[in-house]
Amino acid sequence: MTHKVLVLPGDGIGPEIVTESAKILQYLQQEYGLDIALDYGLLGGCAVDALGAPYPDETRQKARAADAILLGAVGGPKWEMLERPLRPERGLLAIRADLELFANLRPAILYPQLAAASSLKPELVADLDLLIVRELNGDIYFGQPRGIRTLENGEREGFNTMLYRESEIERIARAAFEAARKRHRKVCSVDKANVLETSELWREVVERVARDYPDVALSHQYVDNAAMQLVRAPKQFDVIVTGNLFGDILSDCAAMLTGSIGMLPSASLDAKGKGLYEPIHGSAPDIAGKGAANPLATILSAAMLLRYSLNEPEHAARIEQAVGRVLDQGLRTLDIMAEGMTPVGTQAMGDAVVAAMVGD
Ligand code: NAD
């Protein structure tokens, strides 16, 4: 069956990096028989300009029909003054909500060739490969009631509600266990069960789900300890599963362990494994149009798309190995440049990844 992939280049460096990623998919199609059909659509500022909305109907129809979506990035100064519903970032929130993408997968992978870019000692992070599975649609970010109220004495107080239903915990736990089965079969669930009732329920449900995955080892950590462990000994982790708030903070922390924003892919999945794949960085307006952006995070996002939504792990591995080879050759875009390495632009980096796949 032909896999239908919707490509949304977006704004800023988005079109440049997505072009290189699509090139890789097309190469796999031509040379290795990957059965894939690419369609294109508009999301973000470019959609506002062309069609008057950041997530236009046309894109919605295409996104619903696709098996997976590859996104560059959205946003930029041109659209910052628009009223909120028209801002590019609203397009991103809207597509996530529309497709019920509740599981955010953020790998923190450090290629050994880039170990010096990390703020941690190279031996702590070389070969780091952990995956944070963050719940994306619930928690204190969405719980009601919320607001700022004025007390009788005139003082104001802000309040939010941390809230998780059993079904929400169960589906994110399943996403984490499924992902672990494609990796090293270890899940660490992160909560604050010593203080929060929401976390108490979280832990209970995760343990219940774990019984369906006897081949995956489950452990638990309190979030404060997990934050410490991430910077003390990050290689102990395989998959970390956690709620929206804790995941927001821990995933940024884990990303920075690798020291290279231009290298990290991400996925947002629904309950059936359909997903939106994008680099973790933004549209980098400061370097847009200069051919200087690092396309590797988007290329690695395509590899995740093949692994998690299209169930094509061999093609995914081909891409990941080719990226490793290109780094071995000493090719570097400016964001990961180091002494003695060869500087290349966006297109040359994409071409090098294709060349590294030849004869694989
Ligand atoms: P950014 O990630 O776009 O850029 C931060 C810095 O990293 C910049 O100096 C940029 O040049 C550099 N950088 C980012 N990606 C790079 C790459 N692939 N290669 C080389 N260098 C790279 O973050 P920002 O500047 O805070 O945001 C710019 C715009 O992107 C804003 O409009 C923001 O709202 C939007 N944004 C979008 C997303 C998304 O689409 N998911 C995520 C974050 C920010």
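A polar backbone atom of Gly 76 lies 3.0 Å from an oxygen atom of the ligand. This distance falls under the cut-off for a polar contact, a pair of N or O atoms within 3.5 Å (within protein, one atom must be able to donate a hydrogen and the other to accept it, and residues adjacent in sequence count only if both atoms are side-chain atoms). The model is predicted: local features need pLDDT of at least 70, side-chain atom pairs count only at pLDDT 80 or more, and totals for chains, interfaces and linings use all residues. Residues are numbered from 1 along each chain as its sequence is written, and side-chain values use heavy atoms, without hydrogens and water.

For Val 74, a backbone N or O atom is 2.9 Å from an oxygen atom of the ligand. For Ala 284, a polar backbone atom is 2.8 Å from a ligand oxygen. On its own, the ligand has 800 Å² of accessible area (Shrake-Rupley method, 1.4 Å probe), and the protein covers 68% of it. The ligand is surrounded by 19 residues (a heavy atom within 4 Å). Glu 89, Gly 282, Ala 284, Asp 286 and Asn 294 are the closest. The shell has 9 nonpolar, 6 polar and 4 charged residues, with Gly counted as polar.

The chain is divided into domain 1 (1–104 + 261–360) and domain 2 (129–257). Their centres, taken over C-alpha atoms, are 26 Å apart. Contact (heavy atoms within 4.5 Å) takes 11 residues from domain 1 and 14 residues from domain 2. The buried area, lost on putting the two parts together and summed over both (1.4 Å probe), is about 1100 Å². Carbon and sulfur atoms give 61% of it. Phe 102, Asn 104 and Tyr 308 supply 59% of the area that domain 1 buries against domain 2. Between the domains, 2 residue pairs are in polar contact, both at pLDDT 80 or more.

Key
Domain bounds come from an automatic or database domain assignment.
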